[in-house]
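User: Please take a close look at the salt bridges in this model, and then at how they relate to the ligand site. I would like one connected account.

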Amino acid sequence: MSRVTRLVAQHLAADSPSTGASVADLAPVVDGVDLDRPASDLDAALSEVTDVYLRDAIWFHHPSYVAHLNCPVALPAVLAEGIIAAVNTSVDTWDQSAGGTLVEQRLVRWTAGRIGLDEDTADGVFTSGGTQSNLQGLLLARGEAARRTGSTDLTRMRVLATEHSHFSVIKSARIMGLHPSAVIPVPTGATGGMSLVALRTQLEAIRERGEIAMAVVATAGTTDLGVIDPLPGIADLAAEYGAWLHVDAAYGGGLLLSLRRRHLLDGIERADSVTVDFHKTFFQPVSSSAIIVRDAVTLAHVTHHADYLNPRTAVTPNQVDKSLQTTRRFDALKLWMTLRVTGADAVGEMFDEVIDRAHQMWEVLVDDARFEVAAEPMLSTVLLRYRPEGVSAAEADSLNPLIRQALLDRGDVMVAGTVIDGRAWLKFTLLNPDTSLEHLRGILETIAATGDQLLPALRDAALRDGAGAPPQGPDVLDELRLPFETLAARAPQGTGAGVTR
Ligand SMILES: *Cc1c(COP(=O)(O)O)cnc(C)c1O
């Protein structure tokens, strides 16, 4: 363990979040290992692990990693990982976990309390992630809709969510055998959240068509824009139309610990089920997530009794009765250790700090004419695009994904990308309290320099490939996503900021 600690520490000190290694670089190294014959000793195996993985790993704790919803991890949780793996508890039944079951149940009740549910009647279970939590929330909704209406006709079940809801909502509907068009996209309003007027219209239409409004999914922190849907209004409508309210707080859940912004989640206490991803805004190592439900009884929709595991007559608490999984990691210990060592307030403050930083960065961007910036962030994501004077909107749609790819190829800065309303954006997801505004300014300058370097080659390619008109829309992005080397080679010599791989 101490050798591994030293090895990881050495790599944690890396001066960039990635080496930019490609599949072509790494696949032969991985394939070159003879799995039928062990390495000569532990040192040889560790050196091999360095070659196949560690050296080129993606380091989420690096201040220049601002891409996806990944967090640097709380160290007490890393220590807990050591305990979890060594003891190898499975929390499915009491006779495999003992105190582990009680620790998990205590944390579920604690989370329910933070949400504002009654701890005595609420319940839930840890899951592998927001995807599983969302699936389980919708499964319970389906069970309740069937119970309430007396109908098990899946073709009539409808789920309402905005188009910014997580793709696991649609995936869940598919897994559950719902109609392909069962998830109805509710338009968003001026603030970017679900429009209440549109939600009512859709609920009415569902009623008129004789369909069943199985669930309304409100997102507390959309993956792209960090928008929190208007929870109190949605709760009113869900109640009025008898629909289950699932709140996907995979991202915004960290606000449950915020001392300054908890009010942004007001209304979450009216949910029937809530997804919280501890491995996002509670700074936990993957995986750590939970589904929390208002009424413990509803979890019976996923209960099955087996004589060999959890007989109906069992007098001890068996978490498997509430879970989609059977053998299951004792992930709860990581959160427990974090709360006992770091403390809930400190975790909340870390999330508040990255939200502060997102606001500061947004202000910097508003004043910088070279960039376009999306709406002021609610949480910790900032969407921007490099569009200096003289660059058309369509050119910017081509340029920004190329900038992103060039940065990924070099590995010194990692940003994400997305498309909103047909326009290409770069996305910064801030989850590292150690990423300062100065770091972010530096990343912006790197983006600008890379954009300036790529622009002549992009224009050259556009001219060569067609009518000379700038490429239009996201469809052509793939075509233009040429290897950075090719574009850099096409760039006139002596221009740009000397971008090198
Ligand atoms: C990340 C995310 C999910 C999925 O969670 P996983 O832990 O990746 O499975 C669901 N919903 C939202 C809003 C998310 O941001």
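Analyst: E211 counts as buried because its relative accessibility is 18%, and buried means under 20%. Its salt-bridge partner is R209, with the closest N and O atoms 3.0 Å apart. R209 is partly exposed, because its relative accessible area is 48% and the exposed class starts only over 50%. This is a predicted model, so every value here is computed from predicted coordinates.

The pair is one of 33 salt bridges found in a search of the whole structure. Another joins D356 to R260, where the closest N and O atoms are 2.9 Å apart. Here the two partners come from distant parts of the chain, 96 residues apart. D356 sits in helix α13, which spans residues 344–366. R260 lies in the loop between β6 (244–249) and β7 (273–277). With a relative accessible area of 38%, R260 is partly exposed. The D356 and R260 pair also belongs to a network: salt bridges with shared partners connect R260, R261, E349, D352 and D356.

The side chains of D277 and K280 meet at 3.4 Å, N to O, and both residues are buried. Both are also listed among the closest residues to the ligand, together with T131, D248 and H279. In total, 14 residues surround the ligand.

Some of the contacts can be given atom by atom. An N or O atom in the side chain of D277 is 2.7 Å from an oxygen atom of the ligand. The side chain of T223 also has an N or O atom 3.1 Å from a ligand oxygen. In the case of G130, a polar backbone atom is 2.8 Å from an oxygen atom of the ligand. On its own the ligand has 380 Å² of accessible area, and the protein covers 85% of that.

Two elements each give two or more residues to the shell around the ligand: α7 (130–149) and α11 (278–281). The largest share, three residues, comes from α7. By type, the shell has nine polar residues, three charged ones and two nonpolar ones.

Away from charges, there is also a nonpolar surface patch. V73, L75 and V78 make up this patch of about 250 Å². V78 is in helix α4, residues 75–87, and is partly exposed at 36% relative accessibility.

Technical notes:
Residues numbered from 1 in each chain as written. Predicted model: local features only at pLDDT ≥ 70, side-chain atom pairs only at ≥ 80, totals over all residues. Heavy atoms only, no water. Patch = residues over 30% accessible without salt bridge, like charges linked within 9 Å, V, L, I, M, F, W, Y side chains within 5 Å. Areas by Shrake-Rupley, 256 points an atom, 1.4 Å probe, with all protein chains shown as cover. Salt bridge = Lys/Arg side-chain N within 4 Å of Asp/Glu carboxyl O. Helix = DSSP H or I, 4+ residues; strand = E, 2+ residues; numbered from the N terminus. Buried < 20%, exposed > 50% of the residue type's maximum accessible area, 1.4 Å probe, protein only. Near = heavy atom within 4 Å. Polar contact = N/O pair within 3.5 Å; in protein donor to acceptor, adjacent residues only side chain to side chain. Nonpolar A, V, L, I, M, F, W, Y, C, P; charged D, E, K, R; others polar.
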